[in-house]
Structure formats: C-alpha cells, structure tokens
Amino acid sequence: MSVFEEVESQVRSYCRGWPTVFTTAKQSTLVDESGKSFIDFFAGAGSLNYGHNHPVLKQALLEYLTDDNIIHALDMHTVAKRDFLTDFRDIVLEPRGLDYKVQFPGPAGTNAVEAAIKLARKVTGRELIARFTNAFHGMTLGALALTGNAMKREGAGVPLGHTMTLPYDQYLDGQMPDFLWMRRLLEDSGSGVSQPAAVIVETVQGEGGINVARAEWLRALADLCRENDILFIVDDIQMGCGRTGPFFSFEAAGIKPDIVCLSKSLSGNGLPLALTLFRPDLDVWEPGEHNGTFRGYNPAFVTASAALKEFWSDSTFSQGTSAKAALVSDRLDEIVADQAEHGLTTRGSGMARGLVFEDPRLASATCAEAFNRGLLVESAGPEDEVVKLLPPLNTPDDLLEEGMSVLAESVRVAIKETA
C-alpha cells in the first residue's frame with residue numbers, strides 16, 4: 001500500500017478509516033485483495049442505493065459500451081440523453097405532478113447546488129442565500145458557503161459570504177417557535193438582513209448527523225418562502241432516489257420546491273450524474289451561460305434510465321425500502337436498549353439511520369471496530385458523534401440482520417474498551 005502514501009495527497013479520508021485495498025463488489029458487499037468480505041452500510045455515501053454492480057444496470061452499460069455509442073457529448077443531443085429525459089419525465093416527473101425543467105449542471109452534486117443558487121440569484125436579482133445549521137451542500141466555494149462544518153469551511157481559504165444561517169428543525173430544542181427568528185428578520189427593516197434570493201434545505205441532514213426535519217416544519221418553511229417571494233430549494237442529493245422511501249425525500253411532506261438538486265444515486269451504478277430541476281418560469285438562462293465539459297455523461301444516462309425502469313415503474317421498490325427501514329430501526333432500538341446506561345439514541349428516516357453517542361469517541365471507536373469485523377459504516381455530525389447507516393436499499397434482509405449484529409457487537413466492544 002506504499003504507493004498511496006507516496007503518491008496520493010494527504011486529503012484522502014475514507015481510506016484512513018478503512019485501511020485495505022478493495023478489489024470487487026457485488027450487491028451489498030465488497031471484497032479486499034486478501035479475500036476478506038465486508039458488508040456495505042455506506043453505499044458510496046449514498047451513491048449506490050441499488051447496490052454494487054446491479055446486473056440489470058451493468059448489462060445496459062456493457063451493451064452501450066460495446067456498440068461504439070456516444071460517451072462524451074457536452075450538451076449535444078444524443079439517443080442516450082433523449083431516452084433518459086423521456087424516462088425521467090414519464091416515470092418520475094409526470095406521475096408526481098411535477099413539470100420541472102431539467103438542467104445538467106456538471107457531474108457532481110456540488111455542481112447541482114452551484115447552478116441552483118446561481119439561478120436563484122439571477123432570477124431574483126438578490127445575493128443572499130439562507131441555509132441551515134449543520135447543513136452540507138458540497139465543497140466548491142458557492143456550495144461550501146452554505147455548509148456548516150467548520151473544518152470544511154476553513155479549507156476554503158477565502159471568506160464565504162452572501163449567506164445567512166437559520167436554525168434547523170429542533171436545533172433550539174423547541175424553545176423558539178418555528179421560523180419566528182426568520183420572520184422577524186424579514187419583517188424588521190432594522191434587522192440589517194436583506195431579503196434572501198432563496199432558502200436551501202436538506203429534508204434529512206446526512207453529513208450533519210441524520211437530522212430529520214418534520215413534515216410540518218418543511219411545509220411551514222415552504223409557506224414562509226412563498227409568502228415572502230423567496231425561492232425554495234431542496235438539496236435531495238443524498239436523500240433522493242428512494243433513500244427515505246419515495247423517489248424524492250420531500251414527497252412525504254406534500255411540498256413542491258421551486259428548485260431541486262439531485263445526484264449521487266441518480267445514475268444507479270455509481271457513475272457521475274447530477275440534475276438541477278426547476279419551475280419552467282425560472283428557466284431564464286442564456287444559452288451557454290452556465291456550462292461545463294462533463295455536464296451530461298452518456299453512460300450515466302444509460303444506467304439511470306435502466307434504474308428508473310427497474311425500480312420506479314411502480315411502488316414495489318419503495319414499499320420494500322419501508323419494510324427494510326423498519327428492520328434496521330428495530331435493531332437500532334435494541335442496541336439503544338442494550339446500552340441504556342450510556343445514553344445512546346437513534347434517529348433517521350427510511351434507510352438513512354443514525355446511532356447517536358453522547359461521547360463522540362465511542363462513535364469513532366464503533367466504526368473502527370465494525371471495520372475490523374467486516375462492516376463499513378462512517379461517522380457523521382458536527383463532532384462525529386453519530387454512526388451513520390446508509391445500506392443499499394435492496395440489501396437482502398439476512399445481510400441487513402448480519403450487519404446489524406456486527407454493529408451491535410461493535411458498540412459493545414467500543415464502549416468496553418473506551419470506558
């Protein structure tokens with residue numbers, strides 16, 4: 001493994017917690033070069049909702065590649081793009097009563113966020129973007145300005161301005177009525193706060209520690225934005241594509257954002273693909289005003305179309321996700337009960353779950369012990385106090401059970417050795 005230390009930058013991170021060399025992967029397991037198998041409760045940070053190398057998606061990609069089809073085309077028309085747009089419209093948008101325009105902003109989720117806030121500023125003529133405590137929206141400068149994590153913000157090297165911070169749902173433990181602070185700032189001409197162009201929110205904060213916004217809170221936020229002519233942006237990069245159950249995580253709240261950011265599991269097979277969706281009347285871009293070399297990767301269109309047809313043509317897949325989420329939630333409750341004297345708690349939505357420790361050292365120790373026992377989980381939250389669970393949504397029940405048993409034993413060992 002010396003080449004990684006000698007050649008690769010110190011900025012690498014995940015490999016430090018999982019010090020091995022992986023070779024193959026299938027469904028919800030990875031195998032390293034020693035032949036050891038690992039249960040994957042990480043799923044590429046939510047980029048592999050359908051698991052590794054799903055046979056239907058892999059076959060569609062292989063057939064596309066072997067026929068000399070278009071790989072790179074910038075934003076030119078291709079058959080692969082036409083098929084994807086047709087499938088996305090017919091399978092995702094129209095059944096949900098959504099008439100969004102689709103923009104391909106670049107290959108990653110942070111590109112979708114950059115396009116969203118740039119468009120919001122262009123449409124409204126305002127600069128300020130409101131964001132929430134413990135948010136994570138990406139690592140490019142515009143998205144980073146909307147991110148709460150102090151360590152990540154410090155890496156920018158320049159001031160990160162033109163934003164305002166609002167308390168996320170339950171951030172103040174219910175001690176202040178929802179949005180009282182924001183309403184007062186908007187209504188008081190002496191507040192010193194300009195009217196924002198937009199508000200951006202995650203319905204479930206993944207990197208922030210699996211903080212779940214209540215449906216009524218999200219509806220109140222949407223109403224507040226509408227009343228004050230503020231664009232409402234939902235960042236569904238990690239929680240979209242079924243992670244919380246429905247295709248979009250905001251569906252359960254019955255809201256319709258003005259702009260939606262989507263990426264990660266959109267391609268279905270780990271290929272880079274991102275979308276910025278917005279109301280048709282917001283489509284005020286001049287041709288080429290926001291562009292990029294890799295804003296429409298054709299192999300990703302192919303696997304994305306295959307994923308939509310395979311998993312989203314009816315409600316079977318999302319119903320299965322709900323059942324698996326109940327299994328994981330029940331097992332987490334058992335872990336919490338087993339360690340009652342240590343003050344563990346659990347939270348989450350769908351197949352995005354978190355085990356919260358009062359002592360952040362225990363979360364890191366649990367992740368390390370889990371790796372030693374063949375389970376991949378990462379920590380999250382402002383102090384890395386949460387063990388975050390993001391298994392592929394189609395993980396077999398017996399493998400989920402096995403992974404949860406490994407997690408329970410890892411918690412017991414971590415507590416014993418850290419005490």
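Mentor: The dialogue below goes through selected features of this structure, which is a predicted model.

Trainee: Let us begin with the sheets. In what order do the four strands of the open sheet stand?
Mentor: As a general idea, strands of a sheet pair through backbone hydrogen bonds, either parallel or antiparallel. Here the order is S1-S2-S3-S15, and the pairing is mixed.

Trainee: Which strands stand at the edges?
Mentor: They are S1 (22–26) and S15 (375–376); each has a single partner strand, so one side of each lacks a neighbour in the sheet.

Trainee: How many bridges join S1 to S2, and do the two run parallel or antiparallel?
Mentor: S1 and S2 (residues 29–32) run antiparallel and are joined by four bridges.

Trainee: Now to strand S5. Which residues point one way from S5, and which the other way?
Mentor: In a regular strand the side chains alternate between the two faces of the sheet. In S5 (residues 129–132), Ile129 and Arg131 point one way, while Ala130 and Phe132 point the other way; all are buried.

Trainee: What stands opposite Ile129 in S6, and what is the bridge partner of Ile129 in S7?
Mentor: In S6 the residue is Thr163, and in S7 it is Ala198. S5 runs parallel to S6, with four bridges between them, and parallel to S7 (residues 198–201), with two bridges.

Trainee: Where does Phe357 lie, and is Phe357 buried or exposed?
Mentor: Phe357 lies in the loop between strand S14 (352–356) and helix H13 (360–372). Phe357 counts as buried because its relative accessibility is 3%.

Trainee: Finally, which residues make the nonpolar surface patch?
Mentor: Tyr171, Leu172, Met176, Leu180 and Trp181 make this patch of about 460 Å². Tyr171 lies in the loop between S6 (163–166) and helix H9 (180–187), and at 45% relative accessibility it counts as partly exposed.

Terms used:
Residues numbered from 1 in each chain as written. Predicted model: local features only at pLDDT ≥ 70, side-chain atom pairs only at ≥ 80, totals over all residues. Heavy atoms only, no water. Pairing = 2+ DSSP bridges. Buried < 20%, exposed > 50% of the residue type's maximum accessible area, 1.4 Å probe, protein only. Patch = residues over 30% accessible without salt bridge, like charges linked within 9 Å, V, L, I, M, F, W, Y side chains within 5 Å. Areas by Shrake-Rupley, 256 points an atom, 1.4 Å probe, with all protein chains shown as cover. Salt bridge = Lys/Arg side-chain N within 4 Å of Asp/Glu carboxyl O.
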